[in-house]
There are 2 protein chains.
Amino acid sequence: MSDTALKPRARAGGRTARRSLRSTTDSTMLPGLVNALPRCEVMDEEKVHLIDAASMDILENVGVVFRDDIALADWKRAGADVRGDRVHLDRGLVRDLIATIPADFTYHARNPAHNVRLGGRHAIFVPMTGAPYLRDLDDVRRNPTLDDLAMFHKLSHMSPALHSSAHHIVEPYDHPISQRHLRITYSSMKHSDKTFMGMTTSPKNAEDVMDMCAILFGEEFLETHPVTTGNCNGNSPLVWDETMLGAMRAFCRRNQPVLCSPFVLGGANTPASVAPAVAQLNAEALSALAYTQVIRRGCPAIYGHYLSTVSMRSGAPMAGTPEISLMNFMIGQMARFYGVPWRTSNTLGGAKTFDAQAGYESATTLSAVMHSGANYIWHSAGWNEAGMHCSVAKFVVDAEQCAMAYRMAEGPRWDDFDEGIAAVKDIGPGGHYLGHSHTQENFQRAFFMPELFDNNSIEQWVAEGSQEITARALTQARKLLREYEEPRLDAAKNEELLDYIARREREIPAADALNQEY
Amino acid sequence: MSDTALKPRARAGGRTARRSLRSTTDSTMLPGLVNALPRCEVMDEEKVHLIDAASMDILENVGVVFRDDIALADWKRAGADVRGDRVHLDRGLVRDLIATIPADFTYHARNPAHNVRLGGRHAIFVPMTGAPYLRDLDDVRRNPTLDDLAMFHKLSHMSPALHSSAHHIVEPYDHPISQRHLRITYSSMKHSDKTFMGMTTSPKNAEDVMDMCAILFGEEFLETHPVTTGNCNGNSPLVWDETMLGAMRAFCRRNQPVLCSPFVLGGANTPASVAPAVAQLNAEALSALAYTQVIRRGCPAIYGHYLSTVSMRSGAPMAGTPEISLMNFMIGQMARFYGVPWRTSNTLGGAKTFDAQAGYESATTLSAVMHSGANYIWHSAGWNEAGMHCSVAKFVVDAEQCAMAYRMAEGPRWDDFDEGIAAVKDIGPGGHYLGHSHTQENFQRAFFMPELFDNNSIEQWVAEGSQEITARALTQARKLLREYEEPRLDAAKNEELLDYIARREREIPAADALNQEY
């Protein structure tokens, strides 16, 4: 536990300045999280080895299907036992390959003050992505546009605990699907100077993202510094397809990290039991992690997963269930066993509105994630309806919840312990502390005061219009958007990015958009 | 982690019987929880000793006020340094006294199948108490009646993860306050055969509860078996008053456990800093725990606390904040350091309605509580509006959340690991598991399926009336109340209890009810 962890972020001007800031929102990004909590480890060493052995057995004897000729050829060259499209991976080969994945690395943002470290105890919060609907500033559920996407990138930029602006937080339906990745990437880059994600919707799209990153950061810088993150979903059980593998190659060749994410619907595409499901997921993740090192030795890569359990009554994916928490604890143990940074999903909700269900699901997931010691904490804001919509109200509340979890994960501070005990002696039995100098000195940082939770009396709450959290959160979102200032982007780079997009949009047909391999 | 922890509860008839039960709710009580999760310990040994030393320093040099002549006389006899109403407690005396508090014990319910163990890894969930308002079956906020209290006792009885029916879950305003404790105790005893709490609203009231317990369990059994729990709140900082101390004596003399609960509003009646606040709370709890052993050596007692942090903006108590979680982790460490079972508060909400705020607050608290390793997990259902109301909707949802947390705390099961891995080999890449025999065998117990979370598509949700969780939960509460069957109470005992109440109600004047010391 660091004694300095909870010191207020350095700002000029001291208490008076801090007070004057209260009328506008403090959107200064929190440094990348150093999670000081002990990890919740539900497996002893023997069980970790049991999972490892079962996964290696699966890789050797069942094999993994790579539906991609280039990958199959790569694997042959790497010495794997390839039979048709099924690759049998010897455990020695797997261990040798994953050994060169960096245990941690630093994401470089275009604003160096927003660089963040990932791996070990270093973690970052990244907003949700991929929603085909949003619940907007009026809580109306509809298809999103590029303007809506820009709004979420602005909110990401304004949220202190969010360390990334991600990519397609919502799907912008007002632009042809074949060209969408260009506008999405540009929106991430332009509306925030935090790190962001790169689209992997096709190998070609991934190449475009890499080219745009090269413009923003310089080609040489890109090759030597992680600046973005791709995600490659597996088709559980035990299949990786051409789209994802091609995108993976585009990223790894430029030395950019991808999340190797088996897509687990526990009980549907895994066994209906926690530990065997983790063993299968672990085998899947290892097979992709190993392949990143076939593509480029030493390239950063992240142990991924998307994880839900399936209702055995309805077949629907669920969120916030005890087994998801347990699997997070276990996957964290496996990733640390292999010395690879790992990704999880945060604040997932299956509710249709931002009701108490969404609150329980999200907070349960967030807590499990913090205790699991996850590094790349994706889907940290906005996710509801099993990812079918991103809610503006939930987005700002989740972002504040991440700030609260961040505070918890820093652990207690001890630097004022003696002064605190001296205050106990000063006050003595039956007194109160509100007027004490220690309280005056410490009240700003002592206890987190959530903006979006109402803790007033019911009388005051009624007097203020009986607003539930959704209404209050939407007011807060509007305030953030009013206060938003676009971070400066170098004019020449901006022009070069726009030229690139214009050229690629001439080259990519928009007409057959919906038929594009996506 | 027990390999058998997740085995389904034994029930006659196997799968067919279980299926046939699905139309009615399975209200079989879960056994007392054995929390297998590793504890979240945010202090190393040195820090635990630092808190201990600071607390002992406070007890020796600041002292604790006991506003009660009997307690002061008791303390003098016990060898404490008493100056006026302030008792200075030598650390040697404190350690000697608390050494005789049992590290764990068993609560005996009138139905022995509902006995539950407390202490070490053994924990129980107990509903909220003390609400002056309820949100009823129509979500209307109003003052409660004895019928409302009975309803909550019935819901407690019907909730598998609730191990107690508590006592005055809501305050029954339709009965004179001076006689209320009798009807409340009778309602707990009659509507459920789980363990329950005993009123400590005055020393006399506590004696009445003890007498009623003697009727229900027999005088001799009572003296040798914990059957109920009293709560004694401290007046932080460092004061215990006559009402609480008198009630404590009533319980301890009959060998019944009390919660020794400093009532902490962090920042208002403690220093505005986590670690010094814990040191003060720890000193307060120790002083009362020690006094229980002055009253009766070897009597069971529980390290208690009520804990909130105060908004330094509005002075309002807050729930679900990171500091409350941290304090829970730390208090758990201190209680284990002293080898005493400990109590915490669960699923607290400060929201005015059952909105997403209530969900986040409750789930955050529940998670922290599970990772802290708490034993007596009070306020586990219904609490909202900072305890000002008990919500029927929230009550049933919280109870289900406790069942989910219970499942998580059992950890993963390993007894079907080999079969699960065999299924992975059977299915192979690209298959699905829904039809596999392992899935068929395990689906009932594999993944928790919350009744009160809607995980259907939005289309289906709309077709079913677009109900948010509050409406669904109230429907579920009505269903539980329809299905409720009162557990049989021995007719002679019932009559004796009613006679006792009738006699005491003749003896206790109802007229000056509101002037009674309460």
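## A sheet in chain B

Two strands pair if DSSP finds at least two bridges between them. Strands themselves are DSSP runs (E, at least two residues), as helices are (H or I, at least four), numbered from the N terminus. In chain B, four strands make an open sheet with mixed pairing, in the order S3-S4-S2-S12. Its edges are strand S3 (81-83) and strand S12 (239-241) of chain B, each pairing on one side only.

S3(B) runs antiparallel to strand S4 (residues 86-88) of chain B, and three bridges join them. One pair of bridge partners is B:Arg83 and, in S4(B), B:Arg86.

## How the model is read

This is a predicted model: local features need pLDDT of at least 70, side-chain atom pairs count only at pLDDT 80 or more, and totals for chains, interfaces and linings use all residues. Residues are numbered from 1 along each chain as its sequence is written, chains are lettered from A and ligands numbered from 1 in the order written, and side-chain values use heavy atoms, leaving out hydrogens and water.

## Where the chains meet

Chain A and chain B each bring 117 residues to their contact (heavy atoms within 4.5 Å). Between them they bury about 9,600 Å², 71% of it on carbon and sulfur atoms; buried area is the accessible area (1.4 Å probe) that two parts lose on being put together, summed over both.

The rule finds six salt bridges across this interface (a side-chain nitrogen of Lys or Arg within 4 Å of a carboxyl oxygen of Asp or Glu). A:Asp57 and B:Lys425 meet in a salt bridge at 2.5 Å, N to O.
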